[in-house]
Amino acid sequence: MMKKTFAVPGVVLLEDLLAGFPHPAALLDDGFKIVAVNGLFEALTGYGRDEAIGVYGDFILRSNMGNNRGQVFHEVTESGEPAVREGDIINRGRKKIPVRF
């Protein structure tokens with residue numbers, strides 16, 4: 001059953017914003033735990049919204065890109081500069097998927 005939402009002028013729901021992204025997306029808090037994800041993120045990782053929220057990002061996004069213990073996340077928050085990494089993630093079905101962060 002779909003949740004009913006009503007539009008409020010000037011208010012954008014986070015879920016609606018993420019749903020509009022043409023790529024898998026997740027929002028992390030300052031401790032690098034997942035706060036919100038979009039449907040494409042769910043499809044890519046195999047983890048549903050309810051399973052991913054509250055879990056550390058690098059536990060869901062298991063990759064070979066050197067983000068052990070959030071190292072890349074820390075780099076970005078400390079420097080304020082974007083970081084682009086290419087590599088692979090392993091989804092819930094243990095399938096290796098090439099990605100670019």
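How many helices and strands does the protein have? The protein has 5 helices and 4 strands.

## Basis of the model

This is a predicted model, in which local features need pLDDT of at least 70 and side-chain atom pairs count only at pLDDT 80 or more, while totals for chains, interfaces and linings use all residues. Residues are numbered from 1 along each chain as its sequence is written, and side-chain values use heavy atoms, with hydrogens and water left out.

## Overall layout

Along the sequence, the elements follow the pattern α-β-β-α-α-α-α-β-β. Helices (H or I, at least four residues) and strands (E, at least two) are DSSP runs, numbered from the N terminus.

The protein has 101 residues, of which 27% count as buried. Buried means under 20% relative accessible area, exposed means over 50%, and partly exposed lies in between (1.4 Å probe, protein chains only). Among contacts (heavy atoms within 4.5 Å) with a separation of 6 or more, 25% come from residues 24 or more positions apart.

## Asn38

Asn38 sits in the loop between β2 (34-37) and α2 (39-45). Its relative accessible area is 2%, so Asn38 is buried. Leaving aside neighbours within four places in sequence, Asn38 is in contact with Leu18, Ala19, Phe21, His23, Pro24, Ala25 and Arg49.

Val35 is found in strand β2. With a relative accessible area of 37%, Val35 is partly exposed.

The structure holds 1 aromatic pair. The pair is formed by Tyr56 and Phe59 and is edge-to-face, with 5.5 Å centre to centre and 75° between the planes. Rings of Phe, Tyr and Trp (its six-membered ring) pair if their centres lie within 6.5 Å; planes under 30 degrees apart count as stacked, over 60 as edge-to-face and the rest as tilted. Tyr56 is partly exposed because its relative accessibility is 36%, and Phe59 is exposed because its relative accessibility is 52%.

## Arg100

Arg100 belongs to strand β4 (residues 96-100). At 61% relative accessibility, Arg100 counts as exposed. Beyond neighbours within four places in sequence, Arg100 is in contact with Val84, Arg85 and Glu86.

The side chains of Arg100 and Glu86 are joined by a polar contact of 2.7 Å. A polar contact is a pair of N or O atoms within 3.5 Å; within protein, one must be able to donate a hydrogen and the other to accept it, and residues adjacent in sequence count only if both atoms are side-chain atoms. Arg100 and Asp88 are 12 residues apart along the chain, and their C-alpha atoms are separated by 8.1 Å.
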